[in-house]
Amino acid sequence: MQNLTSKPSKTERPYDPEDWKRGYGSQPNEYDYAIADIDGTIPPDLEGTLFRNGPGLLDIGGLPIHHPFDGDGMISAIAFRDGRAHYRNRYVRTPGYLEEQKAQTIRYRGVFGTQKPGGWLANAFDLRTKNIANTQVIYWGGKLLALWEAAQPHRLDPETLETLGIDDLGGILEPGEAFAAHPRIDPRSQFNGGEPSLVNFAIKPGLSTTITIYELAPDGGLVHKHDHSVPGFAFIHDFAITPNYCIFLQNPVRFNPLPYLFGLCGAGQCINFQPNEPTRAIVIPRDPKRRSHKKVLEIESGFVFHHVNAFETGDEIYLDSICYESLPGVDPQANFRDTDFTVLEPGQLWRFNLNLTTGEVKRQMVESRCCEFPTIHPDRMGRSYRYLYLGAAHQPEGNAPLQGVLKVDLETGDRQLWSAAPRGFAGEPVFVPRPDGNSEDDGWVLMLVYNSETHQSDVVILDGKDVNQGPVARLHLKHHIPYGLHGTFAKL
Ligand code: FE2
């Protein structure tokens, strides 16, 4: 077993940092066109739409935002029909986006350090937040929803991407209640007659933290909703599910709000990682009648944004997660475009084995290559599974931008890799099962790749069974899409 505290070796860069940087240019334009410039062949049985979300603006009226996580959400929709593809993008017209675009200046402080012009005096005690709707986009209950974890979803027209307004999910969300950006879909929920359920959560942080769990039926109706209190401040971005449980990792952090209150930095920059404190695994029964059976297990320190999957065997839960040695800091003075990847810790894939009877936790590194943004076959969510796909660095050691896709076979240990290095930079892969597919990896891996040579983005389609062979189709867009966050595929 490797150790989380092992240092990454510094390797020669397989990319030019100036190339990487250009992918973070704003894309203020909105497009609508059939994609004509294609290498290879779009599989004719790939039918549906890849919706993607991410920060589209890295400046407002020429004023740079401090961190991409503060950027206004821009939705891209790549629709596949009859072996052809269509591209469309639209900004989520949030109230803050409309106000700032009209004023052509920054009117809201960002969680990750974006400040209004005028120094600390202009920012002190302004605690308003802008719902930037920039993290995920899902289709559920007949609604296309842009998500941002600290607030309510924005509903969009799935065809035109027009913003229809804030959506409280038919009254499920009360005023002020949030809806996280990482819902999980249980393909066969025991709480919903074996039908699929969307399971999501919300965090209300404070001296103690309230975790709200939502479970929604395919028509968007509420299956159940329940609150749980956990001690201490919690910064939780993602979670995992099994048929019986929701699993959260409470990273060891403390929050000192004073610099934020006094206008010196963003709230997210006041979160300090505590390397000498344990991470807590919080295991909450999905059945609200079993709410008293909540378990808290301590594991060795580390920081997790994203989980791959979890599953149960007897009284044990296996949890697969992308772990960092510590929380990558957001320096109030530093420009994210100047990030030196070689001095940061890589995200690496770990498996945690949580014993609910004894409280014992074992852990093992599964993949040391720098990776993020895992995706699996949707039918395996919450169940034992064999294959996963990750955005991955080109080289096997050290930290670096994602430049390709890594397929991991958990049964045999085999790996497959396709990389767009040296001039291509990757985002999140999304696995799309082939209709009537005959195995867990029978499908396609869709991914946006920024091509720094042309300053344009490509939609890449890989065969899920054979990632090594490279794209079966590469669709060249007419423009670039700034590096994004998450997306989903819907049969629309
Ligand atoms: Fe995320």
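Trainee: Why is C270 called buried?

Mentor: C270 has 2% relative accessibility, and buried means under 20% relative accessible area, exposed over 50%, partly exposed in between, with a 1.4 Å probe and protein chains only. So C270 counts as buried. Keep in mind that this is a predicted model, where local features need pLDDT of at least 70, side-chain atom pairs count only at pLDDT 80 or more, and totals for chains, interfaces and linings use all residues. Residues are numbered from 1 along each chain as its sequence is written, and side-chain values use heavy atoms, with hydrogens and water left out.

Trainee: And what makes L258 partly exposed?

Mentor: Its relative accessible area is 46%, so L258 lands in that in-between class.

Trainee: What makes H182 a donor of the iron ion?

Mentor: Donors are N, O and S atoms within 2.8 Å of the metal (3.2 Å for Na, K and Ca); water is not among the atoms, so sites may look incomplete. The NE2 atoms of H182, H237, H306 and H486 lie 2.0 to 2.1 Å from the iron ion.

Trainee: Why is the arrangement irregular?

Mentor: Tetrahedral needs all four-donor angles between 85 and 135 degrees; square planar (four) and octahedral (six) need opposite donors over 155 degrees apart and all others between 65 and 115; anything else is irregular. The angles here run from 91 to 157 degrees, which makes the arrangement irregular.
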